[in-house]
Amino acid sequence: MFAGPFVPPLTSMEKQLFMTHSDMTKIRNFCIIAHIDHGKSTLADRIIEMTGLLTAREMQSQVLDNMDLERERGITIKAQAVRTVYRAKDGNEYIFNLIDTPGHVDFNYEVSRSLAACDGAILVVDAAQGIEAQTLANVYLAIDHDLEVFPVINKIDLPSAEPEKVAQEIEDVIGIEAMDAPRISAKTGENVEDVLEAIVERIPAPTGDPEAPLQALIFDSLYDSYKGVIVFFRVKNGTVKPGMRIRMMATGAEADVVETGYFGAGQFIPCESLSAGEVGYLTASIKNVQDTRVGDTVTGAKNPAAEALPGYKKVLPMVYCGMYPADGAHYQDLRDALEKLKLNDASLFYEPETSLALGFGFRCGFLGLLHLEIIEERLEREYDLDLVTTAPSVIYHVHKMNGEMIELTNPSNLPDPSEIDYMEEPFVSAEIIVTSEFIGSIMDLCQDRRGVYQSIEYIEAGRAILKYDLPLNEIIYDFYDALKSRSRGYASFDYELKGYVKSELVKLDILVNHEEVDALSFIVYAGNAYERGRRMCEKLKDEIPRQLFEIPIQAAIGSKIIARETVKAMRKDVLAKCYGGDITRKKKLLEKQKEGKKRMRMVGNVEIPQKAFMSVLKLDEN
Amino acid sequence: MKPELELYLHFPFCARKCAYCDFFSGAFSDAEMHRYFEDLRAEIRARKDTPLFFPSASDSASFDRFPASSLPVRSVFIGGGTPSIVPIPELEATVDALREAYRIDPSSEFTIEANPGTLTPSKLSAYRALGVNRLSIGLQSPDDRMLQKLGRIHDFRTFLASYEAARRAGFDNISIDLISGLPGEMPDSFEKGLKTVLSLSPEHLSVYSLIIEENTPFYALYGPSGSRRSELPDEEADRLIYHRTGALLEDAGLHRYEISNYARPGFESRHNTGYWTGVPYLGFGAAAASFTGVSRMKNASSLSYRSLQPEENESLTTEDLMSEFMILGLRMTAGVSEAEFESRFRKKLRDAFSAAVSRHLALGTLEASGGFLRLTPYGLDVANAVMADFL
């Protein structure tokens, strides 16, 4: 883990390096923006390596991406930071604070806060692949935050590299000067020196008043069982030091600072104080990350700032699903694991629920589907839990005849239709940036997803911003994938919640061998119910293994069956031979078969594999 | 349960390895073979006092124990490999060692496996002289093209010659092994072959659906990702063959007494029936398994197995023994006796396995009558799914 409770003693060299740098002109706070696989982490590694902070022994590849999961997915989930010292050609030492940013629409808010903590950004573009969709949204976001963005063309060591063409493309598409952009290979280290010099020359030094009341922007926080919450922040004005009483301006939480420090690569390095322009962390015996929300402003309790830094918002879960332990005996383990994850993740929500099919579990809320998948994977890998997850659902507003309004997060809790006056579903305003050749097919996609066309605006000859209002329900499953496949990856997508809209919604139930499976129920737009029901039945037919009897699978709205498939009875499952020498081996085969059954859920007389509950989430587009 | 035991001897020697075979066997030199038999005889002698355990008739103990050498031998089975390629003097010395150490008498069933093409009149009369009273011939298929695919060294004519020679030598209890579900086989071609075999009036037939075992040349061709997997008969054809086999053999007077075994009344294999009813057995030789009544062990799969650790050595709990009683006993069409279960385990079968019994009676995969529980015809098709519930 990044946060180790033990901080090794500093060498005298390190002490020198980490002496408080009060000269703001020698600080550079920046981030790296790149499309996935264009070399962000490799460049970060090189910067850390070439600024001489780490010895070769300490150098772990991809220092910034701590979690195994991040390395494997090649994405950065949590914003993190590292501070290094660079002796520039002008003879001065500069402090570099490299802030790493997440890269997915689910975490857009976190990205915006990380960017707000920087003064500039390096745009890394692959010399062979050129600009890709993901990059654009973040570049524009950086420009919106008034960051100085300068491009770097990476992977010039590839035989297919075309740095001149890519430089031209950057100028044409993004409109920033790119002809003198450093041409580098982060992999070999070639010309990375030029990037270090460009950071010094092109990224502005921070501004701010060290004597003013404290205003520090929280861009991340994490929970450490030894120190409590470690708050990551950028000081905009004022100074923070141990002993000082601080207040989080949005949540109102107060605490006494125990420690302030910098981000060494792979360790926390305490320091006496942090002042305007600096990036670092503090600990203050805070028990809960709920108190230190991303985007909030830290100020002094005694001499508070007049106003908070702009841009804070409380992030609320947008997507809910049920999470159940595959083995009911692990319910308590799941509870403990969720509790621990929540210590580090203020946007994760959970509460206990029960299902007839799945037993005891939790209804969990997430920022989006990626967030959901990450939590699910962390529960499975870090906490060794086998999970069953139900179809994700948005929050519906159910207006009852008696005037009451229910916020429905679990389809099973939908009141009887006779009690319902009307229902509403959340809509988002979506912006899709796409090259003109794909506009038609993207509009078709939005139309299919019940989108309401708003506008189209050409940002240049070949590119347009397409604006649609879309039901959130339609984009949480696979919209992003569909968008990418229809635009060959050249579409970027961003959205924000717009509000609730009255809609014709019904609850679709799935019956397996004539028994309703509550965990498979979901809310669907009435016009799509038939199609969805049919596809669910088809998918379940493939997922439910043949058993000793025929199993009808039906989709129903109320008492009306709208689709049906049948799983035929098993034909053959027999070991032809079993003599003295085979018995142990054959018994093991049967035991494996029995183990397989344990991963099944019994619904009535039918064994349903756990993955069937999740496979229905991935109904193919066609 | 009657105190008795069975003896198994493994002769892992073949002229060449067949493409579907995953037994420990192969072609070895004469010197290797000789060393192996020296070891085998030493093992036969060394293990004669192995304690074997039987559910106790008295209430004071759960098991009665007897040294193997004190018990009557119910059956001897020499399997392989190809036992019939082993030179007679080695076999004689080995059988002598057996007879010296264990209580073999003329009523013991004594089977040797033989492959067509390796049987000569002189070998056959030597077997008779040694007391071998049952022959199990591995024909596998009466179709020469199939035999080639399997990598067998014989053709159907060779088999016929061997079979006739065995009859002439006086063998009146002959079993023929067949494999169904071979690549490219259709139910009607299999049925034709089966009729040809039946015309020879064997006392016993074993008909196995082909099992594609890992680590065999067949696995590469016909395994889950094999290039020629589609040549295997599909499930429908496989079951059609199975059901037609049962009907044809029944008409010919051979009844199915186990999932894959058929016999004229009185000619059911005693040795194999012993495996399915929990009779203790000692297995000698490489990869041979033994069951003492309370534990199971298996020799290492190597010619020098005697200097190696056993491959398996498992103590069985009462629950294990109860499960095995069910999963082995249900292989037999007669089924399992509820009274026998109770006398062995002092617990009612339907209490020990109440959920599984009621589920499968309700599903029609099990049936009960005359104090026996047995698989129904559909239960035989899906035996694993039933048995897994008894673990």
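Helices (H or I, at least four residues) and strands (E, at least two) are DSSP runs, numbered from the N terminus. The model is predicted, so local features need pLDDT of at least 70 and side-chain atom pairs count only at pLDDT 80 or more, whereas totals for chains, interfaces and linings use all residues. Residues are numbered from 1 along each chain as its sequence is written, chains are lettered from A and ligands numbered from 1 in the order in which they are written, and side-chain values use heavy atoms, with hydrogens and water left out.

In chain B, helix 1 (residues 30–46) contains Glu43(B). Residues are classed as buried under 20% relative accessible area, exposed over 50% and partly exposed in between (1.4 Å probe, protein chains only). Glu43(B) counts as buried because its relative accessibility is 3%. The side chain of Glu43(B) makes a polar contact of 3.0 Å with that of Asn299(B). A polar contact is a pair of N or O atoms within 3.5 Å; within protein, one must be able to donate a hydrogen and the other to accept it, and residues adjacent in sequence count only if both atoms are side-chain atoms. With neighbours within four places in sequence left aside, the contacts (heavy atoms within 4.5 Å) of Glu43(B) are Gly283(B), Phe284(B), Gly285(B), Asn299(B), Tyr305(B) and Arg306(B).

Helix 9 (residues 270–277) of chain B is mostly covered, with six of its eight residues buried. These are His271(B), Asn272(B), Thr273(B), Gly274(B), Tyr275(B) and Trp276(B). At the start of helix 9, a side-chain oxygen of Ser269(B) comes to within 3.5 Å of the backbone nitrogen of His271(B). Gly278(B), which follows helix 9, has a positive phi, near 85°.

Chain B as a whole has 15 helices and 17 strands, and 58% of its 391 residues are buried. Of the contacts in chain B between residues at least 6 apart in sequence, 65% join residues at least 24 apart. Chain A has 15 helices and 32 strands, and buried residues make up 58% of its 622 residues. The accessible surface is about 25800 Å² for chain A, with 49% from carbon and sulfur atoms, and about 15600 Å² for chain B, with 52% from these atoms. Accessible areas come from the Shrake-Rupley method with a 1.4 Å probe; for residues, only the protein chains shown count as cover.

Between the chains, 29 residues of chain A are in contact with 44 residues of chain B. The buried area, that is, the accessible area (1.4 Å probe) that two parts lose on being put together, summed over both, is about 3400 Å², and carbon and sulfur atoms give 53% of it. On the side of chain A, Leu548(A), Arg571(A) and Tyr579(A) lose the most area to chain B, together 22% of what that side buries.

Seven salt bridges are found across the interface of chain A and chain B, each being a side-chain nitrogen of Lys or Arg within 4 Å of a carboxyl oxygen of Asp or Glu. In the salt bridge of Lys587(A) with Glu324(B), the closest N and O atoms are 2.7 Å apart. Helix 14 (residues 583–598) of chain A gives ten residues, the largest share of the side of chain A that touches chain B.
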